[in-house]
Amino acid sequence: MKTYKKYIVGAAVLSVAVLTGCKDKMRELNTNPDLISETLPEYMFGGATKNWGWFSNGWARNRAGAIGSTMQVSVYNGSSGSYVNPTDWSGGGVGSGSFSEFYSRYYAGGSSTGCRNLNSLCSYIAGPNMDAADKPRYMDIYAIARLLQMHEAWTIFTNFGAMVFHEAFQIRDGITFPSYDVYTKESGIYKQLDDSVKMCIEQLSTPIREDAVALGAQDGFYGFTYTTKETGGTTWTVNTPEVQRGRWLKFATTLRLKMAVSMRNVDPDFYQKVLGEVRQQIAANPNALMSEVQDGCQFVLPDDWYDKNENNQLSFWYGMPVSFVNSMKQVDDPRLPLVANMNYCDTSLNAWYKFVATYYPDSLQMKWVYDKETNTWAQKSWGGILDLGNVFMGQTSNPGNSGETFNPGTLLKGMSLTVTVHHPQWQNPNQAGISAAEKAAREAANAKLTSATMLNHFTGQMEVTKYDGDETVWEGSNGELSSSFRIASGLQSRHYLLNTGGGGWTGPSWDYDNDQPAVTNIKMVTKVLPYAEHCFLMALICNYDGGTIGSKDAEGWYYEGIRASMQETVEDAERVYVKICTNSDFPTVAGVNADADGSNKRLYKIDYDGADYTDYITNPKIAFTGSTDEKTNKIMIQMWLANWQKPENTWFYYKLTGYPVTVKYNWETPNGEADLPTTLGFEQPYNSEGQMMVFPRRVVTPQPQVENMPKWYEMQSALEAQTNPAYAPHGWNDNSGRVFWDIVEPAGLAN
């Protein structure tokens with residue numbers, strides 16, 4: 001009992017110094033009728049976190065167009081990522097539609113998800129309205145709520161450099177216009193955040209009380225153990241209090257290390273102190289360390305909170321970047337078919353592609369292109385990019401290519417390709433030099449064309465042409481047919497949207513309106529701190545500082561991270577019914593869900609404990625060899641490829657380490673994909689003048705209501721005065737500026 005009494009005192013002291021002021025919040029509870037003091041804390045927790053990480057309908061799309069495109073896990077059709085232009089230091093904004101929501105959520109209250117409600121929950125437990133005899137029973141819930149609040153506060157401080165923190169949530173105590181806290185080494189806020197997380201770890205490390213209140217099913221993070229099914233869907237089992245509590249402890253341990261490693265370059269003594277304490281903690285209690293995929297933190301969204309159908313906005317307009325797809329294809333990464341949607345370069349996927357490939361295969365090999373310099377037309381090769389079975393291709397993310405036009409011999413830009421073909425007896429009515437009478441005669445003849453007999457290039461036989469089984473395809477066509485098929489791989493959008501049907505692309509890999517399971521069977525999640533990320537973080541720390549964490553060194557954690565990422569990718573695909581993974585009716589695509597000759601069709605899975613994993617890690621580009629910097633780059637390549645659902649994490653580690661490397665992708669690719677770089681990494685962005693652009697490094701703190709603008713300007717002035725690193729080297733809107741901890745330069749071009 002003394003342990004709990006001591007903890008309660010400590011928690012109150014910590015709240016005064018670090019969080020919101022326990023005594024202040026006690027007065028708020030006594031005087032504010034809006035606060036619910038009769039609701040059980042476990043239900044308060046469920047309400048405070050009900051849609052964690054999913055801010056609104058369209059959120060997935062907004063993030064894909066902001067931090068997702070900058071971190072090159074998504075790209076808007078024909079567009080590029082957001083980077084800082086060194087000519088005027090403009091661009092690079094990733095706040096709108098992405099990080100701004102993280103900031104807003106921290107202060108959300110009432111019926112909204114947010115840290116205001118988590119803070120109220122903690123204040124209720126620590127305050128006078130709860131019976132003193134009940135307080136110890138609820139201290140685990142207190143610790144869990146504080147962990148989430150500290151995770152959000154650290155995320156904001158790390159990326160924005162300032163926020164209303166100490167004076168947050170105190171408007172009813174006379175603080176109408178709260179001051180901002182500026183994140184600096186001198187302020188020591190990072191130490192206060194660590195103290196809070198450490199105290200939560202201490203609480204969750206104590207023996208569980210027999211009468212402790214557990215969150216149970218109110219905990220959307222660790223309340224359930226799941227088992228995914230081969231044909232799609234998931235079985236969920238409510239965890240015992242011991243399992244639930246133990247996983248929160250593991251999350252807290254990883255969070256503490258992640259927060260500490262950000263200080264490695266600016267306060268190495270503090271970093272080493274935390275690292276030493278965590279190693280001692282793990283030595284005393286090995287169960288405090290994540291060790292399996294289900295230890296990773298993700299939030300299971302309720303059935304009614306995410307996009308069920310947004311008219312294909314995500315799957316239609318967004319695609320996969322060339323850097324991401326090429327980095328996977330270079331090493332035969334088995335995760336690719338579950339992360340990216342196939343294009344239509346296969347006869348099993350699209351009727352128009354099949355028609356062209358069957359009767360007009362030359363149209364997939366060559367194209368007539370007009371040369372503006374010579375004023376002549378010439379045939380140019382597609383370089384094999386439209387060949388049968390090349391179903392994964394990414395688009396350029398480089399702003400320097402924004403003024404270019406996609407043609408044979410260039411990088412892919414845009415979603416689709418329009419191909420026009422003509423009846424073998426068609427006559428060009430617009431041919432130069434013919435008379436009006438001849439033009440009319442040709443038009444009349446073309447109008448009579450109703451069928452065609454042509455060579456089927458797959459069977460070698462002459463036959464009446466058929467389009468999707470229809471022999472009347474030429475009727476009314478005037479001898480000319482034209483249509484488009486998708487050539488750019490899209491996001492595997494089932495991970496982001498319950499249903500991507502309702503318009504735009506249709507077909508087996510895109511349309512989920514048909515043959516879809518009941519919506520209640522599809523559970524969407526938002527990632528918070530996955531196990532694979534934990535593994536790569538441990539690998540990074542051991543690679544930098546040597547030794548082991550738990551039983552693994554840098555190499556062991558690196559390989560475990562790859563294996564875990566493969567497992568997470570399969571389980572995520574099964575949970576949301578990705579068709580190639582779960583539906584046996586998905587078409588046969590040779591070399592993907594069947595052998596190279598099209599035989600042995602199967603559901604696409606990854607053997608993450610067997611051959612797929614072994615073949616991947618023995619690839620020289622993946623194997624954990626080389627110098628410390630080379631190993632850091634390999635770890636960060638994997639962090640990037642694993643965090644395709646959480647690009648915010650990739651951004652943090654890129655700023656921390658300077659890796660992965662960037663790679664120059666030449667616009668001209670006369671030999672198609674053979675001219676793509678063989679080095680794994682980000683596509684280096686350039687401006688239209690050929691200057692290297694800069695990855696953004698921070699987000700400007702959103703402006704408050706007009707009455708508090710003086711405090712906002714005061715905060716911005718303090719940040720503007722920051723040097724080495726400069727927060728605003730060329731003004732407030734220069735997103736190449738940095739928060740104080742961010743001092744590592746990018747590794748730069750690798751080719």
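The model contains 46 aromatic pairs, where rings of Phe, Tyr and Trp (its six-membered ring) pair if their centres lie within 6.5 Å. One cluster joined by ring pairs consists of Phe45, Trp52, Phe221, Tyr222, Trp248, Phe251 and Phe299. This is a predicted model, in which local features need pLDDT of at least 70 and side-chain atom pairs count only at pLDDT 80 or more, while totals for chains, interfaces and linings use all residues. Residues are numbered from 1 along each chain as its sequence is written, and side-chain values use heavy atoms, with hydrogens and water left out.

Charged side chains also sit over rings, a term that applies if NZ of Lys or CZ of Arg is within 6 Å of the ring centre and within 35 degrees of the ring normal. Two cases are listed below.

| Charged residue | Ring | Distance from the ring centre |
|---|---|---|
| Lysine 655 | Tryptophan 651 | 3.5 Å |
| Arginine 698 | Tyrosine 727 | 4.3 Å |

Both residues of the lysine 655 and tryptophan 651 case belong to helix α22 and are buried there. Buried means under 20% relative accessible area (1.4 Å probe, protein chains only), and helices (H or I, at least four residues) and strands (E, at least two) are DSSP runs, numbered from the N terminus. Helix α22 spans residues 647-657, and eleven of its eleven residues are buried. Just after this helix, glycine 658 has a positive phi of about 85°.

The structure has eleven cavities of 30 Å³ or more. On a 1 Å grid over the protein atoms alone, a cavity is a set of points where a 1.4 Å probe fits but cannot get out, and lining residues have an atom within 4 Å of a point. Grid points are joined across faces, edges and corners, and a volume is the space filled by probe spheres set on the points. The largest cavity has a volume of about 200 Å³. It is lined by 19 residues, of which Tyr226, Val293, Gln294, Gly296 and Gln298 are the closest to its centre. Elements that each supply at least two lining residues are β6 (224-228), β8 (297-300) and α18 (554-575), and α18 gives the largest share, with four.

Arginine 494 is placed in the loop between β17 (490-491) and β18 (525-529). Arginine 494 is buried, with a relative accessible area of 2%. A polar atom of its side chain lies 3.1 Å from the backbone oxygen of tyrosine 577.

Methods
Rings of Phe, Tyr and Trp (its six-membered ring) pair if their centres lie within 6.5 Å; planes under 30 degrees apart count as stacked, over 60 as edge-to-face and the rest as tilted. On a 1 Å grid over the protein atoms alone, a cavity is a set of points where a 1.4 Å probe fits but cannot get out, and a pocket is an open set with protein on both sides within 12 Å along at least five of seven lines; lining residues have an atom within 4 Å of a point. Buried means under 20% relative accessible area, exposed over 50%, partly exposed in between (1.4 Å probe, protein chains only). A polar contact is a pair of N or O atoms within 3.5 Å; within protein, one must be able to donate a hydrogen and the other to accept it, and residues adjacent in sequence count only if both atoms are side-chain atoms.
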